[in-house]
Structure formats: C-alpha cells, structure tokens
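Hi,

Here is the structure I promised to pass on. Have a look at it first, then read my notes below.

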Amino acid sequence: MKIKIINGPNLNMLGIREPDVYGRQTYKDLVSFVENVCSELSVECSVYQSNHEGDIVTEIQNCYGEYDAIVINPAAYTHTSVAILDALKAVSVPTAEVHLSEVSEREDFRHFSYVSLYAEKVVTGKGFDGYKEAICYLVEKYK
Ligand code: DQA
C-alpha cells in the first residue's frame, strides 16, 4: 500500500510558528514521525509540503493511479480552497484530513473545511498523533 501525506502552507514552520498552538516540535520531527508510523505498518509513504495552492492541486492530481490513499493537512487552504476539494474529487483517492490543532475551538473562520466535504475521516486537535490515527484508519480500511 502507498500513502501520500500532503501538508499545506506554514506547516514547514512548525517549531517556530505559534508554539502555544502547534507545539515546539519541528516539521522535520513531523516527517520522521509519519515515516516511522508508515514503516511500522509496512506501508510505503511519501511526504510532501508546499506553501502554494496550485502545487498542492498538482501533487493531488499526480496521486491518480499511483497512491492508494491520501492524508492531507491543507492548513489555511482548508478553509478557502475549492481547487483542493475539486482535485481530491477528481482523483477519487480515499482521503483522511488532519489538523494538529482543535480547529473547532479556534476562530470562526477555521470552523468550515472544504476538504471535509470529500474526506472520509477527519482528525483534529491530536497533534502528531492525528496523523497516526488517519494513517491507521486508511491502512485498516484499504490495505
Ligand atoms: C491547521 C489549522 C488551520 O486552521 C491553520 O491555518 C493551519 C494549521 C492545523 O493543523 O491545526 O495552518 O491545519
């Protein structure tokens, strides 16, 4: 089984950005965490991060026929991007959405997610463990 992990804008700044919200662990720590989880489950994974909406759309399109599942934290694009939603619908790859923080307890504009209109599983507010929960869900269902 092959899983693509996609992280949106500013997640490369983990460890530096708003540590009270996102913690002190770095983006590099997140990548190692996710790669370890996948290796323990004998799943092949590829981790991608971009600050650019169109590049994320292209990365999702490139999953077509190549990946069995997607874990995505679209970051701020969660709340704005019809293009990312449409890309996920276009490739029709099983998808789980993750947010490190508890978005429902933050500003009103973070309460709506376009990606949730497609994602079959949404995990929020569990930090890095949210990625593990999302990966385990997809592995259990599709491996
Ligand atoms: C986030 C939540 C988003 O609202 C925010 O824009 C992010 C990160 C999270 O992981 O909690 O950049 O997706």
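A quick term before we start: a polar contact is a pair of N or O atoms within 3.5 Å; within protein, one must be able to donate a hydrogen and the other to accept it, and residues adjacent in sequence count only if both atoms are side-chain atoms. This is a predicted model, where local features need pLDDT of at least 70 and side-chain atom pairs count only at pLDDT 80 or more, while totals for chains, interfaces and linings use all residues. Residues are numbered from 1 along each chain as its sequence is written, and side-chain values use heavy atoms, with hydrogens and water left out.

Now the ligand. His99 has a polar side-chain atom 2.8 Å from an oxygen atom of the ligand. For His79, a polar side-chain atom lies 2.7 Å from a ligand oxygen atom, and for Asn73 the distance from a polar side-chain atom to a ligand oxygen is 2.8 Å. On its own the ligand exposes 320 Å², and the protein buries 98% of that (areas by the Shrake-Rupley method with a 1.4 Å probe; for residues, only the protein chains shown count as cover).

Cys45 is partly exposed, at 24% relative accessible area (buried is under 20%, exposed over 50%, partly exposed in between; 1.4 Å probe, protein chains only). Cys136 has the sulfur of Cys38 as its nearest, 8.9 Å away, and Cys136 is partly exposed at 27%.

Cheers

Note on methods: A disulfide is a pair of cysteine sulfur atoms within 2.5 Å.
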